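The structure is shown first.

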Number of protein chains: 2
Amino acid sequence: MRILDTKNFLVPGYKTWGIHCGIKKTDKKDLALIYSDREASMAGVFTKNKVKAASVTLDMARVKSGKGQVIVANSGCANACTGKQGLADAKATAELAAAQFGIKPDLVYVASTGVIGELLPMPKVKTGIHTATGLLSPNGWGAAAEAIMTTDIYPKLSVVQEELGGKTVTFAGIAKGSGMIHPDMATMLCFIVTDMLVSPPMLKKALLASTEKSFNNITIDGDMSTNDLILCMANGAAGNKRPVAGGKDFKKFQACLDAVTTSLAMQVVRDGEGATKFVEIKVQGAKTPSEAKKAAMTVAKSSLVKTALFGEDANWGRIMAALGCSGIDLDAGRTDIFIGKAKLVENGLGQGKAADREATQALKQRDVQITIELHKGKGEATVWTCDMSYEYIKINAAYRS
Amino acid sequence: MRILDTKNFLVPGYKTWGIHCGIKKTDKKDLALIYSDREASMAGVFTKNKVKAASVTLDMARVKSGKGQVIVANSGCANACTGKQGLADAKATAELAAAQFGIKPDLVYVASTGVIGELLPMPKVKTGIHTATGLLSPNGWGAAAEAIMTTDIYPKLSVVQEELGGKTVTFAGIAKGSGMIHPDMATMLCFIVTDMLVSPPMLKKALLASTEKSFNNITIDGDMSTNDLILCMANGAAGNKRPVAGGKDFKKFQACLDAVTTSLAMQVVRDGEGATKFVEIKVQGAKTPSEAKKAAMTVAKSSLVKTALFGEDANWGRIMAALGCSGIDLDAGRTDIFIGKAKLVENGLGQGKAADREATQALKQRDVQITIELHKGKGEATVWTCDMSYEYIKINAAYRS
């Protein structure tokens with residue numbers, strides 16, 4: 001597998017672009033279009049929030065066909081909690097794009113991120129789709145990644161290549177994140193494209209496995225958006241031999257998808273709202289992998305742990321207390337905690353000032369690793385999160401004002 | 001029921017005091033003693049965190065007897081994650097107090113709050129118990145309430161009186177809270193005393209019911225301490241007729257206990273770390289009362305909702321999104337949301353700028369009420385929380401430094 005430069009790349013059979021059409025009040029880009037020159041396999045993963053945006057409702061129905069060709073994504077308006085009119089607007093958006101390309105509306109997917117409760121400005125969306133179609137380019141990924149940003153500080157892209165089924169296959173993804181938060185609530189959007197030839201069921205299987213290893217291992221503030229979605233399109237332009245389930249090529253395919261989603265998930269955490277640190281939390285020795293993940297996520301979500309990380313305070317008591325609240329099988333008297341390489345806690349007991357000083361040094365870095373050994377079994381999990389800073393409060397207190 | 005002034009009151013048969021003995025690095029009070037002149041009924045409620053402080057472990061075992069006479073509480077050191085030595089120190093603390101009063105150590109309960117992972121400075125504790133014993137006074141409640149404070153800004157007391165079983169009975173409580181947070185993690189301590197004559201099982205039953213209606217309805221930051229505990233002592237000095245389960249006197253008793261615990265729980269929220277607002281969240285029309293509580297708690301714990309409250313932003317999308325994540329049976333298209341009297345959302349749809357302006361006005365007050373109508377059934381619940389401010393981050397990022 002080769003990791004490509006995200007500044008200048010193309011994926012055979014795809015064109016894309018991002019523009020400003022006036023949905024955002026600023027002059028920033030707010031509409032992205034991704035186009036495949038042929039019908040492609042399509043898979044999706046959607047928010048589990050029971051309050052779903054119109055785009056999510058529409059795409060969840062469409063993806064059952066396993067087919068797709070175009071994605072229209074806008075920032076600046078979430079089109080969530082907008083009732084029947086919101087759903088009609090999402091459908092109309094897809095129809096506008098379908099008309100541009102002369103394809104069936106069922107092959108068009110939509111995604112939105114922005115303020116909840118406001119309707120899409122449809123005349124602007126119409127003009128935007130028309131303009132973006134005219135600008136489509138094989139090298140437009142940077143512009144598309146910009147157009148889906150909200151409180152993100154930088155665009156997020158990832159590209160890898162692999163020899164697979166006798167051909168060179170490319171996998172590229174763009175994402176936006178920022179708070180699991182922004183506009184009125186988070187929203188993580190991710191679009192992945194590949195020229196690989198792969199059936200819809202196999203694409204879906206691989207995407208679900210990949211999401212579990214990447215986006216489901218990150219947390220910024222524990223909230224889940226009404227608009228979160230991941231779409232993955234595979235158009236077969238590479239002309240590779242189809243992979244066999246569980247075979248060598250399938251494993252290569254999965255590894256490529258994992259590389260792209262993991263890179264994007266980590267970029268989302270690094271660019272978390274107000275984040276000053278990237279924190280990896282590894283739990284090992286849990287009874288099961290799912291208990292390990294539960295423990296790691298509870299620590300990662302604790303406001304107390306996150307503020308201590310911001311304060312560069314080796315406050316292991318908060319980690320221990322969060323573990324105690326996680327609902328897993330735990331023996332505090334056998335638990336070890338490391339920050340960086342410093343063993344702060346052994347068998348539940350603090351290891352004194354030298355360990356504290358070493359851990360404090362590790363906390364001064366931009367990247368921090370916390371390792372928790374439970375001595376209960378062989379379950380392991382790693383999650384990524386960021387710290388909680390003044391800036392987080394500022395961004396979220398002041399958002400609509 | 002009469003609500004008494006907390007500045008100057010006494011509870012027949014009790015003496016108390018609070019002093020500084022050097023556990024805290026500042027010159028603030030750090031040790032409280034509560035003494036009943038006779039053996040009393042005792043009941044307790046303890047943290048569900050699997051990592052329990054030594055005091056919690058000791059008291060949970062002792063309270064099985066249903067009897068008690070003395071409470072020793074310290075701030076400045078949590079004596080949590082301190083292993084065998086920590087438990088030995090908790091026992092030694094009880095023995096020191098027992099020796100002062102010439103009673104069995106089993107009748108002495110201990111409570112601690114402060115930094116996790118550090119041992120109690122036992123020579124100071126010994127001197128402190130000796131000094132405090134000499135200062136015990138029927139009017140010492142203010143001093144005792146001060147001695148259990150950590151990041152609390154003010155001491156928390158509540159006293160009520162009622163005619164019950166032919167006598168005047170007094171109920172008094174002191175508490176500390178502040179972040180469900182402070183030292184290294186929260187810690188809510190609450191001690192309630194009454195001169196009522198009541199059996200241990202009946203006291204326990206009433207205390208559990210009362211806790212459910214008060215302390216279990218509040219959240220500051222969603223974390224649960226290793227040291228949280230509530231102790232309730234009833235020494236029978238009033239000489240009332242014993243209440244019959246479910247009878248009129250029992251109901252009066254329960255109402256008194258509820259009044260004290262609810263008042264203290266609300267004081268804890270008002271004094272939440274960095275809190276600038278007291279927020280009541282009422283969910284009605286849920287399928288069941290427990291679904292109502294689940295929904296209300298999810299909204300109350302959401303960092304996004306809490307930062308929007310701090311920013312006085314009528315950002316109902318975040319409330320809706322939190323509801324969607326709560327795991328309850330929800331129909332977004334039938335949900336109404338009020339802030340104060342402003343109906344911001346009807347049947348899942350925003351009600352425009354006038355409603356937004358009215359809600360923003362309501363958000364500018366110190367006390368804010370959010371009402372959510374789910375139209376799914378008759379389940380209701382009310383919880384109390386505070387907003388999340390810069391000060392919260394400051395207190396928790398800088399605590400140990």
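## Domains of chain A

The C-alpha centres of domain 1 of chain A and domain 2 of chain A lie 33 Å apart. Domain 1 spans 2-270 and domain 2 spans 278-397, with bounds from an automatic or database domain assignment. The model is predicted: local features need pLDDT of at least 70 and side-chain atom pairs pLDDT 80 or more, while totals for chains, interfaces and linings use all residues. Residues are numbered from 1 along each chain as its sequence is written, and chains are lettered from A and ligands numbered from 1 in the order in which they are written.

Eleven residues from domain 1 of chain A and eleven residues from domain 2 of chain A form the contact (C-beta atoms, placed from the backbone, within 7 Å). On the domain 1 side, strand 9 (218-219) and helix 6 (248-270) of chain A each give two or more residues; helices (H or I, at least four residues) and strands (E, at least two) are DSSP runs, numbered from the N terminus. Helix 6 of chain A gives the most to that side, with four residues.

## Helix 9 of chain A

Ten of the ten residues of helix 9 (residues 316-325) of chain A are buried, so this helix is largely enclosed by the rest of the structure. A residue is buried with 20 or more other C-beta atoms within 10 Å of its own, exposed with 12 or fewer, and partly exposed in between, C-beta atoms being placed from the backbone. Among the buried residues are Trp316(A), Arg318(A) and Cys325(A). Just after helix 9, Gly327(A) has a positive phi of about 80°.

## Thr26 of chain B

Thr26(B) sits in the loop between strand 2 (14-19) and strand 3 (31-46) of chain B. Thr26(B) counts as exposed because it has 8 C-beta neighbours inside 10 Å. The C-alpha atoms of Thr26(B) and Ala342(B) are separated by 47 Å.

How values were computed. Contact = placed C-beta atoms within 7 Å.
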